[in-house]
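Please read this short report with the sequence and the model side by side, and follow each residue as it is named.

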Amino acid sequence: MNVIKNLILGSGPAGLTAAIYSSRSNLEPVLLSGKEPGGQLTITSLVENFPGFENGILGPKLMNSMRQQAINVGTKIIDDIATSVDFSKKPFVVSTERNGDLYANTIIISTGASAKWLGLDGEKRLMGKGVSGCATCDGAFFKEKTVAVVGGGDSAMEDSLFVSKFASKVYLIHRRDEFRASRVMQDRVRNNQKIEILFNSEVKDIKGEDKVVSIDILNNKTGENKNIAIDGIFIAIGHLPNTSIFKGQLDIDDNGYIKVHDFTKTNIPGVFAAGDVSDPKYKQAISSAGMGCIASIDSLHFLEDNNFIQ
Ligand code: NAP
């Protein structure tokens with residue numbers, strides 16, 4: 001049986017940073033790139049807050065460089081998806097879609113998080129026809145149009161401000177009467193003439209045959225229903241950690257995040273978690289990368305302490 005010393009699941013900033021560190025510790029890491037190779041940064045445009053790039057860097061370019069750097073220092077990357085895991089066995093077992101079962105002495109879980117959706121029929125039906133989860137990808141399609149953005153966090157603020165550069169009118173729709181976004185982002189939104197805020201409002205339906213034409217909104221304070229004509233709608237209501245295959249295998253909190261102690265240690269010694277999959281709070285590329293580094297060093301110490309390596 002070929003036993004991998006350090007198996008990394010996921011190829012966002014956490015996974016690739018872990019891979020770079022593990023390669024340089026001679027752990028000969030193997031990385032499964034997962035469902036969304038490169039992670040969430042591959043669907044953003046300019047990243048201005050990742051240190052080292054004085055004029056910012058495009059998200060996909062940053063992730064390609066990280067991947068190439070990991071390969072250059074010796075990481076074996078397998079473009080495949082983990083379908084189930086068995087952490088009760090030693091070595092740990094990870095089953096994959098196309099490469100059978102992989103066996104590993106340590107695992108770093110960095111499977112990230114995926115965008116949440118409202119769960120409306122029209123959302124799926126009109127995806128890419130006016131419904132979008134990525135304002136930076138699709139905002140420019142709505143030049144001089146009317147759009148809606150749903151959510152009350154920093155993503156919704158950022159998306160509203162971004163699409164207001166193109167659209168003539170932006171409705172920002174939030175289910176409560178206060179935002180959870182940072183004050184500075186809220187102020188920018190409130191000072192933008194193109195953005196109209198609809199508080200206590202829930203999108204009940206997205207209408208249109210071949211493209212979005214309107215939305216039904218319920219005011220959950222007054223009970224009033226109204227229909228607003230729009231050309232597009234951006235859903236920015238947060239993310240869900242990708243942990244479904246770890247349920248029953250690891251301690252997971254009520255919101256689906258893997259529980260960690262000492263930064264990256266899960267309840268199973270030898271299994272570590274890094275990045276958005278275990279971070280309900282910071283969720284930044286740079287903090288994820290930092291956790292990937294820590295998870296790699298923790299893996300090295302675990303392998304040494306358990307005599308898997310000298
Ligand atoms: P978030 O902070 O979790 O906010 C999600 C928003 O969506 C909340 O306002 C929530 O409403 C609303 N929501 C959730 N489920 C909903 C549903 N089913 N229907 C309607 N509304 C729903 O997520 P985020 O905005 O993506 O931000 C995530 C993290 O990234 C945060 O830490 C944020 O600060 C950070 N971030 C930072 C920046 C920046 O600094 N430039 C940009 C983007 C994100 P409630 O408020 O009622 O719960």
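In which sense do strand S15 and S16 pair, and over how many bridges?

## The sheet

In this predicted model, strand S15, which covers residues 214-219, pairs with S16 in the antiparallel sense, and the pairing runs over five bridges. Within this part of the structure, Leu218 stands opposite Asn225, a residue of S16. Strands of a sheet pair through backbone hydrogen bonds, either parallel or antiparallel.

The open sheet is formed by three strands in the order S14-S15-S16, with antiparallel pairing. Strand S14 (201-207) and strand S16 (225-229) stand at the edges, and because each has a single partner strand, one side of each is left without a neighbour in the sheet. On average, and with direction ignored, neighbouring strands of this sheet are turned by 25° against each other.

The structure holds 11 salt bridges, and one of them joins Lys204 to Glu202, with 3.1 Å between the closest N and O atoms. Lys204 is partly exposed at a relative accessible area of 43%, and Glu202 also counts as partly exposed, at 27%.

Lys207 forms a salt bridge with Asp205, where the closest N and O atoms are 3.7 Å apart. Lys207 has 32% relative accessibility and counts as partly exposed, while Asp205 is partly exposed at 27%. A network of salt bridges links Asp205, Lys207 and Asp216.

Lys89 is partly exposed, its relative accessible area being 46%.

Conventions. Residues are numbered from 1 along each chain as its sequence is written. This is a predicted model: local features need pLDDT of at least 70, side-chain atom pairs count only at pLDDT 80 or more; totals for chains, interfaces and linings use all residues. Side-chain values use heavy atoms; hydrogens and water are left out. Two strands pair if DSSP finds at least two bridges between them. Helices (H or I, at least four residues) and strands (E, at least two) are DSSP runs, numbered from the N terminus. Axes are lines fitted to C-alpha atoms, for helices over the stretch in contact, and angles run from 0 to 180 degrees between N-to-C directions. A salt bridge is a side-chain nitrogen of Lys or Arg within 4 Å of a carboxyl oxygen of Asp or Glu. Buried means under 20% relative accessible area, exposed over 50%, partly exposed in between (1.4 Å probe, protein chains only).
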